[in-house]
Amino acid sequence: MQLYDLTRVSLAYPRTVFALVAAISLALAPGLAKVRPAYGYRVLIGSEHPAIRALTAMTDKFGGGLPVLVGWSCEDTNFCHNVLDEDSLRMAEAITRSLEGTAGIRIVDGPANSPILVPAEDGFAVRTLIEDGRIAEDRAQLIERVRGDPLWLGRLISADGRVAAIELQARDIEEATSEEIVAALEETLAPYEAKGVRFHLMGDSVDTVVGGRALAESSAQLVPFIVIAIGLVLLLLSRSWQDSLIAVATMGVAYLWTFGTLGWLGWPKDGILEVLAPLILVIGVCDSMHFLSRESELRSRERIDLSRRDSILLAAQSVIAPCLLTSLTTAAAFASFTLSDLDTFVRFGSIASYAVMLCFVLTFTLLPILASFLVPPPKHAGPTRSWSSLFKSLATFLEQREHFILVVSASVLVIFGYGWVVQLGYDTDWLESWGEKSTAVQATRFFSQNDMHSETLEVEIDLPADGEILQPGVLEAIENSERSLSSIAYVRKVESILTLVRRVNRMLHGDDAAFDHLASTAQGNAELVELISLSKPDLLRTWISFDNRSLRLSVTVEAESSVEDTKQLIRSAIQRISDSVPSTWGLLISGEVAIQRDWVRDVQQTQFRSFPSSFVLVLGMLIAFFRSFALAAAATVPTLLPVVVTLGGMGWIGMSLDISRTMIAAIVVGIGVDHSIHLLRNYQLRRRAGGSVEDAMREALIETGRPIVITTIALALGFLTLLASAWQTISSFGFLVAASMVGAMLTTIFVVPALIFFAARISKGARR
Amino acid sequence: VSGHETTERIRRRLPLAVLLLVAIVLVDVVFSKRASMPGCWLMPNRYALHIPFLDACAEHAANTAAAAPDSIALRARDFVRATSGAALLLFVPLVLFVRTTTAAASPLLIFYGCLATLVSGVLGGRSSWIASYAGLVALCIAPAALFHLSFVLPKRRGILELIPQITRVPYLCAAPLFVVGLYALDSKPLLWTPLVSLLGAIAASGWAILMLSCWYAIRESRSRFERARARFVLCGGVLLPVAPTALHGVVALDVSRVIAVYFWSGAVLLQLSIALAIARHNLFDIATDVRLVLARGIHVAFASAVLIAVFGAMFGSISFGPHHNAEIFLGAVAAALVLTALQPRYGAALESVFIPELERLRVRRLKFERELDGCADAGIAVDCALRCIREVLDPRGVAVLSRDTRGFRVVAALDAGDKLRPDVAEEALRALGDQDSRSLALASEAELDAFPELSECDVELIVRLRSLRGELGLLLVGARPNESPYRGFEIAFVDAIAAQTGAVLAHIELRQELLRKERAATTGRIAIGIAHDMGKELDWLSWLVARLPERLDQPGKLARDIALVGKFTKDVVEGLRGFIHDALRESAAPSPLCAAREVIELAVARAVRLHGDDRIALTFDDSIRALRLHEDVQRAILNLLDNALRASPLSSLVRLSAKRVDDQIEIAIEDRGNGIPDELLANVLEAGFTTRAAEGGTGVGLAVASEIAASHGGRVEIAPHPRAGTRAVISLPVIESDPL
């Protein structure tokens, strides 16, 4: 049983194969309809991830921690003159009412309905700008008051009063909830947008949906571009539109099967899986290129006229083994992502490796049948004289300059290796990922410019079983924590139950700023909390638990801080709170900022796991295939060098590894090795046939050089189509992988032969 | 053919395309608003291209809200700055493109066009979309141009012969990067940094490949020209940027910025070394060129200083303030005039001080001229030339080969061994082409492969030996033992020696030719002389013989006539003998000396005898008593007397006077004939010229007289007589009688 029997049997029973392909396609096609895009951390990280569970628990307990801001200003519209004028307040009230009915939203707090604490004869009163559907008569005084109210400033209104916002608290971070919130917002805001008001939405729930939608739309538009690019390259290679068409059609079947399977598995199409379609088309077609190129070459070279079927069989016999190996190595590289702790990588690794193997199988079953039905394209000169001359000259050059090439390669490896190990950072800057044209990014910039932020680090402090927040010393300890947190870099403000308590205390003393602090005794503080509870119980709900044993601190962080800054911030926060509260108190960190930290950490770990494991897997396969450690090691050079150069280069220019770019290393390992497999396989066969090292390598270069170059062009162009993706991070991924592919090609045709010549020379020297 | 045509068409339009790219940015500087500070090109994606040491640019890029001041004056200043930058960068590449046919000119122009675009944009400090696209094109193409350059420098790669279109590959590769750039400029600014870094890395790789190619060429190339060119490019590319980098490094010790300055200045200065490498004649004698420039600079400075001092003194001030424009103008004009006048006299002397080799060559050349002075032998002249060249250049060998109908043959050789064969000369002739001289040190490796015999013989210089009359042969000069190539002035020296030798050889040949013609003329003259001199006596003889029957009855007269017939017959025989004797004597010893008076009287007697009358009045001065004359002068006097007697009326006398004037003896013959017209005076001494052709005149008498006088260091002068007739004077150097 030989490998190429796969093709032989397919050609022998074409109807059966067609029937089988049709049946599988029909079975999987409904799965396509089930493929749904999904966004948000919960999808990316997985609902069982500790960070997600912590956040879910906290939002359940306090109802807050997942804020979404809906901001507007009256500067560019005739609808209102001031964000707190009557029209604007009426609009805010209508939006608030509309959103309050949305299941995915726990709390809606806006200028129309947010409480304003004011001094009153019996202590203090809770007022709103719209009361019982009417604008408060003393609106002007109330507006004056909210401009100094810490419960409003930076959250509902900007310090200069130019921007107002409605704050929503999402029920959870489920993707469906986010979708529901966005849909509700779109529906509610549409009439006012029609009147010229421009709203800015900020918050994780909204951002992920907006960013995800843009990505899904652009990815859907990418596929035709990729098909055209690959079709053109195939046309260039085969000079036959029929061959190009059947190769693309075969990849279409692979695409159908892959996404059908995805749908049946019920896996969401998240941000990373958006690159799956381009990957299948680009990587899958490589085997077709080698196969068709070889077939065309055989027909051109053989003196007797081969039938199409015979040439197909001969070509399959020639290339199926290296193609299997290249598919296996690529699949292994993708499979290495399954070692990640992040759900999205696990799903991506599994389905991508499955897709690669599907492409291989279809290339050597369906494609030959389709090709056999077509009239063979006219013979052409095979590898043209120019290509032969080029690679012959190259081989001569490499024989003369092997030392130089190896020294340069080693230097590059050292310089860029340093950049990778020392300089490369791990970060996920979503604003950068989405790009400046994203509405989510524009909203973030809008709020940042007005000193309004929604990214929070949520801190839950749990008292011991016998503890209670109104016990003496508890609020004081919390106040100490608050104070120490406020001085940490990138912290905009810290809010907790104490913000309310201080405000109430001040109101009780006739709005005297001197009393803007806690009561002097524990009893006094307890009374203040009791007063708030009696006046407006909802006010306390987001800060302390029902059993009064847990309380929440919300640390608002600058939206444009980097992950490294955030990591430092979290470390400092934990340290300072631990220093301020008794050791018996529990401490739980959550919120968007904490999730992002965990996300980045896991992305980093994914890279740490996927790259070495894929490298080891690939090396193992190569050793088994070549049955020579030396050749296997030489074959891995074209993967190692581009990876090191790309990642080291990223380190040197300050570009970090994020969700997309973390896949570069494994993918380049998987795909980059393909060229050297074809080259070294050809070389090995020629050596076994008795050729000298130099002759074998020269002939191998002449024979495989052209398909290697053209495959690289196809791969690079295919990956470059990702430039059109809505997410910058995916565009950068496409660009860097394309560059790495070119690097892998250059390494294959320059460094691998030089390495072989060098090794041969050393071995000759040793023998002598 | 179509590929070549396309390439040629592209090449023709290249300057236009390059200038268009630069013009886009320059127009933008004029018409768009100032977006940032000069030296800072703010891209639409908020990234900035800037000159390496402008820190404020990064801050400016971060704070895009900062308004930049703008006015017409500022725009004009920015435009001038940007245009100057572009002109500075484009001047040398454009000159090379227009003036040379080198393959490196095109990529060099493309690279510097791109660089000029970027520099103009940076200096202009504008930020419009169209200019940004032009900048992006420049950014993407510049690295490709460097790769293109590395295909043709330091030598044209062999692969170009097989696949000429391969030079287009780098530009094709730039196309997808341009697309990436479009995204990076607009919606994906995240891509900008990696893209620019990648382009920078590609450019650095192109530069490194160029430098390494030069390194390998220096080590491995057989062509000294390629080695020299590689050395230039390598030294220029690596060392030239060191100076600005070091200067900057002193100011700011920031490694990354120092590297940036190195590469920026390297890119800007690379054109100089490449231009010098392309301009072949500079390759081996740049040191001499520098010294020459230094010498001329000092010359100019000195002369200018003198003139300024003179004009300062004239105008009462040597300080050139704002009111001394006239002084400056006059000074400049005068300086130009004086420098032009002084240059030949003092410029060369000053140059010799700075370049002693030139003086040594000059002295040796003068010596060579002296050696050749009066040289009448071609072999000696060639030997002199070879010795001179060997002495100055110290080559491995030097030889002259001449060509005749059977091919080349070695005329003379020094130290050339037995390698020189005629086929070497054939190869040399091919190598020479239509040039007059060629240094094979300037041949590429491919050309050396085409001339294996020349390479084997170590021939370095080939010079064509030429005279006015045509090609004489070839001068081949071997390489130096230490392989150091001949410098420009040394090649010029050999050219001069060859030219001088050619002239001398031509002169010698001409003299030999003249001698041959002289011999032929002498033979002709004998015949004419016989016809002239003997003719009269034979006439007399014939007349006497015809009258003899009449004398039969007059025995006295018969006896006298028979005696006369015998005498005339004897005279004819003697005359013939004399002519033969004279003809032989011209190539042998001079005619014997006789007393001057005797010679003159003999001539008079013969004239009387010839004409049968006695109309000659003879006057001797005492001063000639002790003087002597060559015997053949008698013929000259006779010829002049014959002419005078024929020209004079029978009634008038012909006067002959002889006297000493200083160290000359003057024999004057005056007649009273019609004289000779002025316009014919200049021609009367030419052989064959006569005014008596109808009377049987041969036009030889005066010419023979003149030649005889000239052969004794004298001359014949024919002039109109002051009163009437003609006065002919034979002037001869005085020969005193032996006192003994």
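Tutor: Between chain A and chain B, four residue pairs are in polar contact, both residues at pLDDT 80 or more. A polar contact is a pair of N or O atoms within 3.5 Å; within protein, one must be able to donate a hydrogen and the other to accept it, and residues adjacent in sequence count only if both atoms are side-chain atoms. This is a predicted model: local features need pLDDT of at least 70, side-chain atom pairs count only at pLDDT 80 or more, and totals for chains, interfaces and linings use all residues. Side-chain values use heavy atoms, without hydrogens and water.

Student: What makes B:Glu220 and A:Arg401 a salt bridge?
Tutor: The definition asks for a side-chain nitrogen of Lys or Arg within 4 Å of a carboxyl oxygen of Asp or Glu. Here the closest N and O atoms are 3.0 Å apart. So the pair qualifies as a salt bridge. The count between the two chains is one salt bridge.

Student: Which element gives the largest share of the side of chain A that touches chain B?
Tutor: α27(A), with six residues. Helices are DSSP runs (H or I, at least four residues), numbered from the N terminus.

Student: How many residues of chain A are in contact with chain B?
Tutor: 23 residues of chain A are in contact with 22 of chain B. Contact means heavy atoms within 4.5 Å.

Student: Why are the buried residues of α21(B) on the same side?
Tutor: Among the buried ones are B:Val599 and B:Leu610. Buried means under 20% relative accessible area (1.4 Å probe, protein chains only).

Key: Residues numbered from 1 in each chain as written. Chains lettered and ligands numbered in written order. Buried < 20%, exposed > 50% of the residue type's maximum accessible area, 1.4 Å probe, protein only. Helix = DSSP H or I, 4+ residues; strand = E, 2+ residues; numbered from the N terminus.
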